[in-house]
Amino acid sequence: MRITGGQRRGIRLASFKGGRIRPTSDRVREAIFDLIGQYTIGLRALDLFAGTGALGIEALSRGAKRVVFVDNSPESLKLIRRNLALCGYESVSTLLKKDLTRGLPAVRDLGEEEGVDLVFADPPYKKGYLLPILSELSVSSFLSSRATIVAEAGKEEHLPDTVGNLSLAKTRVYGDTKICIYSYDGHKT
């Protein structure tokens, strides 16, 4: 698993041995950044169900200002720390241990007073975690007015065209993975 673009392109990230988690493949990460734009310069990002941290680290490599990584697994958080150190991104990252099946982190825990511009949501497939997360994101107070949400699901999973203040902008399927890009309109009621 390597960084596919930006300043740290080509750096090999550490990953778990065995099948405990399903990291986003290099091909799918590249496709995500083709869909949302190759550069994330100055954006503040949130990597939910972060696993290895590959999506957030990819955003940092492509110019993101800061990323908050959220996962409930101590092993994942340890691996993310290791990968951040490999890339030299410790100072522009925050790690939070949180069970996302019980809700999103509180605004105060994110430390992003200006709002989050980019959210990656990559929960385990077919567990029913994604739609509640999208619903909660759609009414959250920490998204910036220009926020984009990148949701990963199994290719058979159905995601609606709108979820509260989120509107589906693009959908693509790569192997077993469906990528759904949502735009946030914080001005809706």
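So, Asp 26, Arg 29, Glu 58 and Arg 62 are linked in a network of salt bridges. By salt bridge I mean a side-chain nitrogen of Lys or Arg within 4 Å of a carboxyl oxygen of Asp or Glu. Before I go on: this is a predicted model, where local features need pLDDT of at least 70 and side-chain atom pairs count only at pLDDT 80 or more, while totals for chains, interfaces and linings use all residues. Residues are numbered from 1 along each chain as its sequence is written, and side-chain values use heavy atoms, with hydrogens and water left out.

Inside it, Arg 29 and Glu 58 meet through their side chains at 2.7 Å, N to O.

The cut-offs: buried is under 20% relative accessible area, exposed is over 50%, and partly exposed is in between, with a 1.4 Å probe and protein chains only.

Searching the whole structure gives seven salt bridges. One of them joins Arg 44 to Asp 117, with the closest N and O atoms 3.4 Å apart. Arg 44 sits in strand β1 and Asp 117 in strand β4, so that pair bridges parts 73 residues apart in sequence. Both Arg 44 and Asp 117 are buried. Then there's Arg 102 with Asp 99, at 3.3 Å, N to O. Arg 102 counts as exposed at 71% relative accessibility, and Asp 99 as partly exposed at 23%.

Now, the rings. A pair of aromatic rings is described by the distance of the centres and the angle of the planes. The rule takes rings of Phe, Tyr and Trp (its six-membered ring) with centres within 6.5 Å; planes under 30 degrees apart are stacked, over 60 edge-to-face, and the rest tilted. That gives two aromatic pairs.

Phe 33 and Phe 120 make a tilted one, 6.0 Å centre to centre with 50° between the planes. Phe 33 is in helix α1 (residues 26–36) and Phe 120 in strand β4 (residues 116–121), so the pair connects parts 87 residues apart in sequence. Both of those Phe residues are buried.

The other is Phe 49 with Tyr 129: centres 6.1 Å apart, planes at 5°, so the pair is stacked. Phe 49 is in the loop between β1 (44–48) and α2 (54–61), and Tyr 129 in the loop between β4 and α5 (130–138), so here the parts tied together are 80 residues apart. Phe 49 is buried at 15% relative accessible area, whereas Tyr 129 is partly exposed at 30%.

On to the strands. Five bridges join β1 to β2, and the two run parallel; strands pair if DSSP finds at least two bridges between them. Leu 48 has Val 70 in β2 as its bridge partner. Five bridges also join β2 to strand β3 (residues 93–97), again parallel, and Phe 69 stands opposite Leu 95 in β3. Between them, the chain crosses from β2 through helix α3 (residues 74–87) to β3, in a right-handed β-α-β crossover. Right-handed means that, with the strands pointing away from the viewer, the path from the first strand over the helix to the second runs clockwise. β1, α2 and β2 form a right-handed β-α-β unit too. Strand β2 (residues 66–71) is mostly covered, with five of its six residues buried.

Last thing, the cores. A nonpolar core is a set of buried Ala, Val, Leu, Ile, Met, Phe, Trp, Tyr and Cys residues joined through side-chain atoms within 4.5 Å. The largest has 30 residues, and Ile 32, Ile 57, Phe 69, Phe 120 and Ile 179 touch the most other members. Elements giving two or more residues to this core are α1, α2, β2, α3, β4 and β8 (177–184). Apart from it lies another core of 28 residues, including Leu 46, Ile 133, Val 163 and Cys 180.

Notes:
Helices (H or I, at least four residues) and strands (E, at least two) are DSSP runs, numbered from the N terminus.
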